[in-house]
Amino acid sequence: MERRTFLKIGGGAAGALLVPVFGEAIAAEELMNPVGLAFKKSLADTALNAAAKAGASYCDVRIGRYLNQFITTRDLNVENIINTESSGVGVRVIANGAYGFASTNDMSPDSIANAARQAVAIARANARLQSEPLRMAPVKGVGDVAWATPYKKDWRTVPVKEKAEMLIAANKAGLDAGASFMTANLFQVNQQKYFASTDGSYIDQDIHRLWAPLTATAVDKATNRFRTRDGLASPMGMGYEYFDARPADKVQAAGGVTTLYRNSYDIVEDARAAAKHAREKLTAKTIEPGKYDLVLSPEHLFLTIHESVGHPTELDRVLGYEANYAGTSFATLDKWQTKKFKFGADRVNFIADKNEKGSLGAVGYDDEGVPAKRWDIIRDGVLVNYQATRDQAHIIGEKESHGCSYADSWNSVQFQRMPNVSLAAGKERLTPDEMVKDVKKGIYILGRGSYSIDQQRYNFQFGGQLYYEIKNGKIVGQVEDVAYQSNTQEFWNACSAICDQRDWRMGGSFFDGKGQPSQVSAVSHGSSTTRFNGINVINTARKIG
Amino acid sequence: MKLLNQEEAKRICDRVIGFSKADECRVGISGSRTGNIRYAQNSVSTAGLNENMTLSVTVAFGKRQGTATINEFDDKSLEKAVRRAEDVARLAPENPEFMPAVGKQEYKAAQTFFAPTAAIDPDYRAEVASHSIVAARSNKLVTAGFFIDTTGFETIANSNGVFGHQEYTDLNFTCTARTEDGRGSGWVTRSASDARRFDAREASAIAIEKALRSVDAKALEPGRYTVILEPAAASGLLGFMFGGFDARQADEGRSFLSKKGGGTRLGEKLFDEQVNVWTDPWNSDAPVGTWDGGSMLPRERRDIVKDGKIAALNYSLFWAKKQGIKPTGRPGNIIMAGGSKSLEELVASTKKGIVVTRTWYIRSVDPQSVLLTGLTRDGTFYVENGKIKHPVKNFRFNESPVTMLNNVDELGKPELIGSEGNGLQMVIPSMKIRDFNFTSLSDAV
């Protein structure tokens with residue numbers, strides 16, 4: 001069933017309109033029945049009115065129903081199948097210029113009104129320690145609207161047996177291809193989020209995401225060595241059609257070393273390749289440390305982008321609001337104000353985009369009711385903007401919020417979270433194979449591996465899943481024990497080539513943690529295969545006792 | 001929302017088990033009331049109260065198993081959760097490794113609930129924030145911090161008669177102080193079950209002192225140094241390793257505890273003989289629930305590392321049966337023995353070394369050797385001839401906790417650190433370690 005991405009609805013007819021969209025129910029599963037819109041609107045109004053009466057100058061209400069299904073498998077066995085459901089209401093207010101937040105899982109009008117009053121009391125208490133009142137960028141109320149992740153197959157309608165069998169088939173393919181052990185898991189998320197605010201918005205959103213990570217392990221007991229290779233699938237904001245394994249979505253890696261995937265995934269094929277690669281790693285040559293030109297595939301580069309570009313351009317970090325945990329940022333306001341701060345080479349352009357189809361961060365509206373948008377963060381290598389919410393927009397001279405507010409649950413307070421931040425494809429025609437031809441001494445890295453970066457995002461160290469040595473323009477074979485260490489600004493200024501749009505695809509982080517208490521969000525980062533010249537590579541092999 | 005007492009929780013468990021038509025039914029209920037206050041830039045940024053209760057139902061038909069969770073507790077919702085778990089179980093393939101629910105168990109309670117923590121209110125939390133903010137302002141510093149307190153309960157039951165109910169309290173405080181120009185930064189962490197053991201003023205003063213002392217850090221060449229790791233700095237590395245004490249992984253040849261040719265390294269000496277680590281749910285510094293929620297087996301006091309030798313590994317019910325071993329509950333805490341010396345005394349006996357306040361962004365680089373990478377943060381100081389000489393720029397390290405615990409010079413006084421994201425409450429000493437491997441410098445403050 002093809003979903004419409006934007007559904008304009010009104011008043012009482014809303015509930016009736018949504019029912020056919022959710023499709024037929026599966027046996028004894030009530031997961032498919034959304035909470036009625038009229039009911040949600042009346043609950044939201046109860047909170048908005050109670051907050052106003054208690055003296056709030058602003059109030060937003062989020063009524064959430066969060067459904068997840070997790071399937072875990074190990075070799076030929078299903079370890080567990082877990083369905084989770086969590087429902088409740090979160091109320092955020094501004095009173096005396098400060099925020100207050102309270103939540104309840106009791107969906108009665110009395111309880112919700114009480115939460116609103118509690119939020120106002122907390123705001124008043126917080127105001128006493130507030131140095132200046134909050135300034136919220138304006139948002140035009142949008143009335144009754146709805147948005148849903150575009151998908152063809154709803155994961156909730158696919159029988160668990162079919163999903164489990166797909167994972168077991170992948171494990172079997174891996175074991176048959178030489179893995180000692182296989183694991184394959186499936187995470188599926190559905191967030192039914194209703195947002196209402198005193199700005200006059202009533203926004204109903206239905207968000208779907210999924211991810212199928214797998215790991216092949218090869219063991220050699222004689223040498224007491226083991227090596228793993230994780231799957232190369234990306235988590236996506238789409239439906240179960242991701243597992244259709246359409247040939248058109250398959251991409252050959254440079255030198256044909258493996259198959260990569262765009263908007264659909266062949267889990268069995270990847271499991272087979274993972275097993276073969278893990279086995280090869282047991283005897284792969286150990287890397288000679290030194291300077292190398294790195295050719296980074298999008299399946300790897302997304303995490304480097306996430307850590308070294310996504311996080312340092314979060315405005316709350318820049319301002320010091322995450323100083324106690326996630327940290328601050330080297331990309332400070334004074335650097336941005338010069339309009340000349342060379343974050344990267346001229347060819348480096350980063351775009352934030354909350355509309356990107358299939359991405360984890362795609363929504364119609366953020367958790368402050370701000371419509372999803374697209375804007376530049378780095379243009380021609382220069383830092384030009386940040387990621388902001390309503391209360392931060394004025395600090396960087398913006399008239400509107402970027403729409404970067406997100407809460408991971410009805411009982412979490414929303415705050416600034418990363419939108420999809422992607423590296424624009426190169427303007428000149430270039431394929432990964434052509435890119436490799438220009439490399440004398442290099443390493444081609446695929447897949448997400450070890451990642452670590454300091455609290456201001458200067459010094460990082462990353463590893464991958466697969467490393468191929470490049471000598472005089474040719475891929476010569478797998479190498480092991482590779483990690484690269486660099487400084488963010490030096491690294492992005494060492495960017496020497498970016499493949500064109502034909503090679504552009506997304507990777508993503510399904511469980512990105514931030515905040516205290518910690519909240520997770522999901523975000524995608526797209527790129528084409530990209531080269532960085534003269535990067536320091538260390539050897540990570542060690543011997544213990 | 002009222003937290004459930006033992007009788008109320010028992011009633012719900014009985015009700016859920018009564019709804020089940022499956023061969024067996026396992027129930028878990030957890031509920032908590034969590035208050036928190038977060039501040040940054042010398043102002044409160046958010047504060048909130050969060051109440052939630054979750055029911056988890058796992059049922060099995062033969063070797064087919066399914067789980068459902070829900071956070072509503074009326075009869076209709078309880079039955080819905082059971083039916084949902086049953087539907088999933090009926091559709092699930094058989095799991096040859098399925099282990100039936102355990103029979104009735106005895107759980108000897110630990111004291112995990114403290115009324116002074118349960119009584120914490122918004123005024124108390126505001127006072128905690130205020131201690132940091134007022135002290136930071138008077139020192140021309142900028143502070144950011146987070147205080148969280150939880151009062152909750154855990155209940156488990158199954159259709160074989162298992163029942164356990166435990167109420168607990170917990171608090172955690174972290175505070176960062178930075179100079180206005182961003183050239184100095186200090187940090188502190190505190191955990192406690194009992195609020196009487198927590199002093200926000202004392203803790204904030206440490207973060208402030210470190211911020212003031214860390215200004216104008218000098219760059220030292222990366223390389224191997226003697227380090228004095230504060231308990232919080234050491235726990236980040238050790239937590240990673242103790243999370244990996246799994247017998248099956250070791251038997252299968254995919255762990256640092258695997259033996260060449262097959263089997264595990266149980267009984268082998270892997271660390272310096274000063275290293276003694278055990279688990280004890282009744283430990284008064286880090287009391288934890290006295291059952292393991294997964295297997296529903298009771299936890300016990302047992303040695304994990306004795307005089308540097310591996311003394312115990314964790315067995316799942318399935319792996320224990322396969323290996324012919326009596327299974328025990330997985331630990332909820334890790335206690336490492338130390339000495340009586342304070343940090344200052346460890347510094348006083350050091351000719352040349354580096355004091356590390358905090359380690360950050362630690363990730364596994366190679367599970368074969370437990371090689372970890374990460375960085376120092378918020379107070380790194382150079383020691384010469386028994387005295388702290390000056391602050392130094394932060395380092396990235398690439399080091400294995402196995403190597404680290406072989407290079408122990410001296411252990412200081414243990415402190416409760418709380419859980420480092422691996423679910424284990426840890427009591428860890430400060431430690432002086434030889435040849436700790438710093439591989440590059442970081443500009444971050």
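Helix H1 (residues 6-19) and helix H2 (residues 75-91) of chain B pack at an angle of about 50°, and their axes lie 9 Å apart. Axes are lines fitted to C-alpha atoms, for helices over the stretch in contact, and angles run from 0 to 180 degrees between N-to-C directions. This angle makes H1(B) oblique to H2(B), where angles under 35 degrees count as roughly parallel, over 145 as roughly antiparallel, 65 to 115 as roughly perpendicular and the rest as oblique. The crossing of H1(B) past H2(B) is right-handed; a crossing is right-handed if the near helix is turned clockwise from the far one by less than a right angle, and left-handed if anticlockwise. On the H1(B) side the contact consists of Ile12(B), Arg15(B), Val16(B) and Phe19(B), which meet Leu78(B), Glu79(B) and Val82(B) of H2(B). By class, this contact of H1(B) with H2(B) holds five nonpolar, no polar and two charged residues. Contact requires C-beta atoms, placed from the backbone, to lie within 7 Å. Ala, Val, Leu, Ile, Met, Phe, Trp, Tyr, Cys and Pro count as nonpolar, Asp, Glu, Lys and Arg as charged, and the others, Gly among them, as polar.

The model is predicted: local features need pLDDT of at least 70 and side-chain atom pairs count only at pLDDT 80 or more, whereas totals for chains, interfaces and linings use all residues. Residues are numbered from 1 along each chain as its sequence is written, while chains are lettered from A and ligands numbered from 1 in the order in which they are written. Helices (H or I, at least four residues) and strands (E, at least two) are DSSP runs, numbered from the N terminus.

Helix H4 of chain B covers residues 122-138. At 1.5 Å a residue, its 17 residues should span 24 Å, and the end C-alpha atoms are 24 Å apart, which agrees; the expected span is 1.5 Å times one less than the number of residues. The buried residues of H4(B) are Arg125(B), Ala126(B), Val128(B), Ala129(B), His131(B), Ser132(B), Ile133(B) and Ala136(B). A residue is buried if 20 or more other C-beta atoms lie within 10 Å of its own, exposed if 12 or fewer, and partly exposed in between, with C-beta atoms placed from the backbone. The cover over these buried residues includes helix H3 (109-127) of chain A, as well as strands E1 (24-40), E2 (43-61), E4 (141-158) and E5 (163-179) and helix H5 (200-213) of chain B. H4(B) and H5(B) pack at about 35°, with axes 9 Å apart, and their crossing is right-handed. Val128(B), His131(B), Ser132(B), Ala135(B) and Ala136(B) of H4(B) make this contact with Ala200(B), Arg201(B), Ser204(B), Ala205(B) and Ile208(B) of H5(B). Six nonpolar, three polar and one charged residues form the contact of H4(B) with H5(B). Just after H4(B), Lys140(B) takes a positive phi of about 55°.

Between the chains, 82 residues of chain B are in contact with 67 residues of chain A. E2(B) gives the most to the side of chain B that touches chain A, with nine residues. That side of chain B divides into 30 nonpolar, 36 polar and 16 charged residues.

In chain A, helix H2 (residues 37-53) packs on H3(A) at an angle of about 35°, with the axes 8 Å apart, and the crossing is right-handed. Leu43(A), Thr46(A), Ala47(A), Ala50(A) and Ala51(A) of H2(A) are among the residues of this contact, and those they meet in H3(A) include Pro109(A), Ile112(A), Arg117(A) and Val120(A). The contact of H2(A) with H3(A) comprises eleven nonpolar, one polar and one charged residues. Ser42(A), also located in helix H2 of chain A, is exposed, with 12 other C-beta atoms within 10 Å. The C-alpha atoms of Ser42(A) and Phe70(A), 28 residues apart along the chain, are separated by 33 Å.

Several backbone features were also noted. A cis peptide bond joins Gln516(A) and Pro517(A), with omega about -5°, and Pro517(A) belongs to the loop between strands E27 (505-514) and E28 (519-527) of chain A. Asn472(A), a residue other than glycine, has a positive phi near 45°. Asn472(A) lies in the loop between strands E23 (466-471) and E24 (474-480) of chain A and counts as exposed, with 10 C-beta neighbours inside 10 Å. In chain B, Asp435(B) has a positive phi of about 55° although it is not a glycine. Asp435(B) is placed in strand E17 (residues 425-441) and is partly exposed, with 14 other C-beta atoms within 10 Å.

Methods: Contact = placed C-beta atoms within 7 Å.
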